[in-house]
Amino acid sequence: MKFFLDSADVSEIRRAMDAGLIDGITTNPSLLAKVAGTDHDPRDVLAEICRIVPGPISAEVVATTRDEMLREGRDLAKLADNIVVKVPLTEAGLMACRQFRSEDIRVNVTLCFSAAQALLAAKAGASYISPFVGRLDDIAQDGMELIEQIVQIYGNYDFPTEVLVASVRHPVHVVQAALIGADVATVPAKVLHQLMQHPLTDKGLAAFLADWEKLPEAKRVI
Ligand code: E4P
């Protein structure tokens with residue numbers, strides 16, 4: 001399973017990239033607005049992210065009509081070869097997706113909350129479908145059940161669309177996504193670091209180092 005970082009924060013992205021932990025990035029207008037503020041152009045932020053990470057970088061349109069989505073998406077795609085244009089799962093978004101595919105522009109269809117929506121995105125030629133598991137859990141629906149359904153449906157018909165598990169809130173979401181066989185999980189930096197942590201690792205390491213300290217100093221060389 002691939003890991004994407006769900007962030008537009010360049011320092012978070014550099015850290016995850018330096019650690020060799022991520023294969024790509026997803027951004028959204030909320031994440032970009034948080035880092036761009038008044039000083040930075042969101043396009044400059046996206047271009048910098050594309051220089052740091054060679055994998056797919058999702059950049060979302062903010063238009064709501066097909067034609068405007070096409071204009072914005074084509075501009076975003078010019079920023080770098082690794083841009084994946086993100087469109088919302090609306091009728092206009094699906095129409096734009098189909099057109100982008102015919103222009104060889106990869107598309108991530110986002111804000112997916114049902115298997116029926118995911119089926120339509122695959123038929124429209126999406127490279128990625130982004131079901132939001134955390135936001136479903138928030139309204140007392142089982143987000144991971146949706147991932148199971150989409151993985152099964154895509155498998156039934158050999159759709160090449162990759163299932164990109166989004167709105168990930170904790171490490172259990174990531175493990176469940178991997179058990180189901182999702183292609184990608186996009187995780188916030190906090191969850192990425194939580195994945196590494198285990199109290200028994202910390203306790204075990206502290207014990208090993210304390211035992212090592214008991215050796216005479218001259219012998220503490222490996
Ligand atoms: C995915 O592409 C979205 O940016 C993201 O996962 C949304 O997560 P949230 O529900 O935590 O905002």
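This report covers the ligand site and the aromatic pairs of a predicted model.

## Ligand shell

Around the ligand are Asp6, Thr26, Asn28, Lys86, Phe132, Arg135, Ala166, Ser167 and Arg169. Sorted by class, this shell has four charged, three polar and two nonpolar residues. Phe132 and Ala166 are among the residues around the ligand, and both count as nonpolar.

The ligand takes up the space of the largest pocket.

For Arg135, a polar side-chain atom lies 2.6 Å from an oxygen atom of the ligand. For Asp6, the distance from a polar side-chain atom to a ligand oxygen atom is 2.8 Å. For Arg169, an N or O atom in the side chain is 3.2 Å from an oxygen atom of the ligand. On its own, the ligand has 350 Å² of accessible area, and the protein covers 85% of that.

## Aromatic pairs

The structure holds four aromatic pairs. One of them joins Phe4 and Tyr128. The ring centres are 6.0 Å apart, and the planes make an angle of 65°. Edge-to-face pairs have planes over 60 degrees apart, so this pair counts as edge-to-face.

Methods
Residues are numbered from 1 along each chain as its sequence is written. This is a predicted model: local features need pLDDT of at least 70, side-chain atom pairs count only at pLDDT 80 or more; totals for chains, interfaces and linings use all residues. Side-chain values use heavy atoms; hydrogens and water are left out. A residue is near a molecule or strand if one of its heavy atoms lies within 4 Å of it. A polar contact is a pair of N or O atoms within 3.5 Å; within protein, one must be able to donate a hydrogen and the other to accept it, and residues adjacent in sequence count only if both atoms are side-chain atoms. Accessible areas come from the Shrake-Rupley method with a 1.4 Å probe; for residues, only the protein chains shown count as cover. On a 1 Å grid over the protein atoms alone, a cavity is a set of points where a 1.4 Å probe fits but cannot get out, and a pocket is an open set with protein on both sides within 12 Å along at least five of seven lines; lining residues have an atom within 4 Å of a point. A molecule sits in a cavity or pocket if more than half of its atoms lie within 2 Å of its grid points. Rings of Phe, Tyr and Trp (its six-membered ring) pair if their centres lie within 6.5 Å; planes under 30 degrees apart count as stacked, over 60 as edge-to-face and the rest as tilted.
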